[in-house]
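Please look over the two chains shown here.

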Amino acid sequence: MQGQGRRRRVCRQQVVSEAWGLGFAAEVPRDSMSLLPHLGHGVGLRTVHYPHVLDRTACADWFEVISENFMIAGGRPLKILEKARELAPVVLHGVSLNLGGTDPFRQDHLAELEALIRRFAPAWISDHLCWGATGGHYAHDLLPLPFTEEAVKHVAARIRQVQDRFGRRILVENVSSYLTYSISSMPEWVFLRAVAEEADCGILLDVNNIYVSAVNHGFSPTEYLSGIPAERVGQIHLAGHSVSGDLLIDTHDHPVPNPVWRLYREALRRFGPVSTLVEWDDQIPSFEELLAEADRAREIEREVLSASTISA
Amino acid sequence: MRAPSLHELQRLFWVSVAERPGRDSIAPDFIRLVRGCDNRDRKTRIRVYSDAYYFRLRDVLREDFPRVAAMLGPEQFDEIVRGYLAAFPSEQPSVRYLGRALAGFLRLRKDLPNWLADLADLEWARVEVFDAPDSECATIDDLVCVPPEAWPAIRFSAIPSLQTLLAQYPVHQVWSGGKSLDMTAAETSLRIWRKNDYKVLHAPMDKRESAALEKMISGEPFAALCEAFADLPEAEAAQNATGLLARWIEDGIIGRIGDSG
């Protein structure tokens, strides 16, 4: 209608809120969480894949890399990441922010991450809902937090600190766990939701981790999914695991197993299309096999979305 | 039992999984904090983390120090790693720095061959060089452009990935596949650098090359580099110095041919 203000048309890839700090003009409300770009079905880029990046046959929709592996002064890994960035969008996935830790943030670490963000312009950045260092010592592991009100407030405040520093929201990932604490006062999914809402951050939902923890602690993975706020889920991880006695271990050394695929279907029914990434960190197969896993995720997404109504 | 603070819980966790790497050190107060059918179940769950801590970091060290690990053999390497992690737990967010003190740790072990610490120094230098800053390399053409009268005062800069190492043993021979467990001490200068194709290389240097390279690194002009050959007849000294420079250029360790300033 004449006389009314014109609304700018924004294509899907551009519809990214300022809240995510991606540098695009925002036409979405500040509180919308579901408008990260849908990058499709990517793979975790590891050293063995570098030749495919160099000969430009690494034809994934997008790549996720471990941020800390590129916090270096120079050399081949950074060159490879530059090349990968030419091929497809890149996401920085951290393992050492120590979001749940009680040590102060390492400013040098944050500065290195900031430099990586400036250089490689990732579609988004993520880290884990866990702790990994105490007393200045790093375990280089993703250690579980107690699910308490104290921990919600503590982690959410630290996530906000990081987001304020970078001027963008981050995604936090649920980790696999092998123990829970007697002092926990809520289930993991309630904790994850509370942290995400208190911190106003996104969620990287690792479906394999949900399954692994569900088996290890005897909860229902579908109940977990039903407790996750769909609008905050910005990415999904898929991976394989292994069995050790009565426990499942998140080893990332196998194909995605059927129970995890089934849970992925359920997640898609609840959350709609979400950028999905296959992680494979040990006994890594050929790049073609890895891509085949990503293709399977794509096919499942197509099937689920064409067959069902999104319930979230 | 009073609920511990988050800080206290994490301290107990750390003690239980990392204070005695590869050994059982579960704090009784921590067992009580873990849900489980019984204490055996709780300990099993905690041990997933203590095993992961030790094995993951051992694998990192084995990857960074492959020759040291091979020389020690799996059992002794594991024992060294347990002691090392207890003495030098990681203090950096990136695990890449974990092995920074291993050579010094080995040097204190009087029950190990002396050359092992030198070998660790070499392997750590290779790690450092691998991800050192990038730079352009000078070419022979750059050298040809230097007018004859400028040579005495011309200065060269080393690429940032160049490192030198003074070892007490010829450990480069072990690195290349030698297995001389009773290696004879012989002071050995090595240079370690990264080529433009990102390959990490090292090479032994004789005393003259070592002296000349140190002068180049410290910014002294070509005339000073030539002093390393002062014991030779003048013509031979000049020939050796220029030959050395050509080899450095070919190896890609000279980053810039600067002015005489």
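Over all chains, a search of the whole structure finds 36 salt bridges. A salt bridge here is a side-chain nitrogen of Lys or Arg within 4 Å of a carboxyl oxygen of Asp or Glu. The model is predicted: local features need pLDDT of at least 70, side-chain atom pairs count only at pLDDT 80 or more, and totals for chains, interfaces and linings use all residues. Residues are numbered from 1 along each chain as its sequence is written, chains are lettered from A and ligands numbered from 1 in the order in which they are written, and side-chain values use heavy atoms, with hydrogens and water left out.

**Salt bridges**

Side chains of opposite charge can pair when their charged atoms come close.

| Pair | Closest N to O distance |
|---|---|
| B:R56 and A:D141 | 3.6 Å |
| A:D200 and A:R169 | 2.9 Å |

Take the B:R56 pair. It crosses between chains, from helix α3 of chain B to A:D141 in strand β6 (residues 137-143) of chain A. Helices (H or I, at least four residues) and strands (E, at least two) are DSSP runs, numbered from the N terminus. B:R56 is partly exposed, at 34% relative accessible area. A:D141 is buried, at 12%. Buried means under 20% relative accessible area, exposed over 50%, and partly exposed in between (1.4 Å probe, protein chains only).

The pair of A:D200 and A:R169 stays within chain A. A:D200 sits in the loop between α5 (188-199) and β8 (202-206), and A:R169 in the loop between α4 (149-166) and β7 (171-173), so the pair ties together parts that are 31 residues apart in sequence. A:D200 is partly exposed, with 26% relative accessible area. A:R169 is buried, at 3%.

In the chain B pair, B:D29 is partly exposed at 36% relative accessibility. B:R32 is partly exposed too, at 48%. Chain B also holds a network of salt bridges that links B:R58, B:D59, B:R62 and B:D78.

**The interface**

How many residues does each chain bring to the contact? Chain B gives 38 and chain A gives 45. Contact means heavy atoms within 4.5 Å. The area buried between the chains is about 3,600 Å², and carbon and sulfur atoms give 62% of that area. Buried area is the accessible area (1.4 Å probe) that two parts lose on being put together, summed over both. In chain B, B:L6, B:Y49 and B:P93 lose the most area to chain A, together 21% of what that side buries.

The rule finds one salt bridge across this interface. It also finds 22 residue pairs in polar contact, both residues at pLDDT 80 or more. A polar contact is a pair of N or O atoms within 3.5 Å; within protein, one must be able to donate a hydrogen and the other to accept it, and residues adjacent in sequence count only if both atoms are side-chain atoms. On the side of chain B that touches chain A, α1 (6-18) and α3 (39-64) each supply at least two residues. α3(B) gives the most to that side, with eight residues.

**Strands of chain A**

Strand β2 (residues 63-66) of chain A is covered on both faces. A:F63 and A:V65 on one side, and A:E64 and A:I66 on the other, are all buried. Two bridges join strand β1 (residues 41-44) to β2(A), running parallel. Two strands pair if DSSP finds at least two bridges between them. A:V43 stands opposite A:F63. Four bridges join β2(A) to strand β3 (residues 90-93), also parallel. There, A:E64 stands opposite A:V91.
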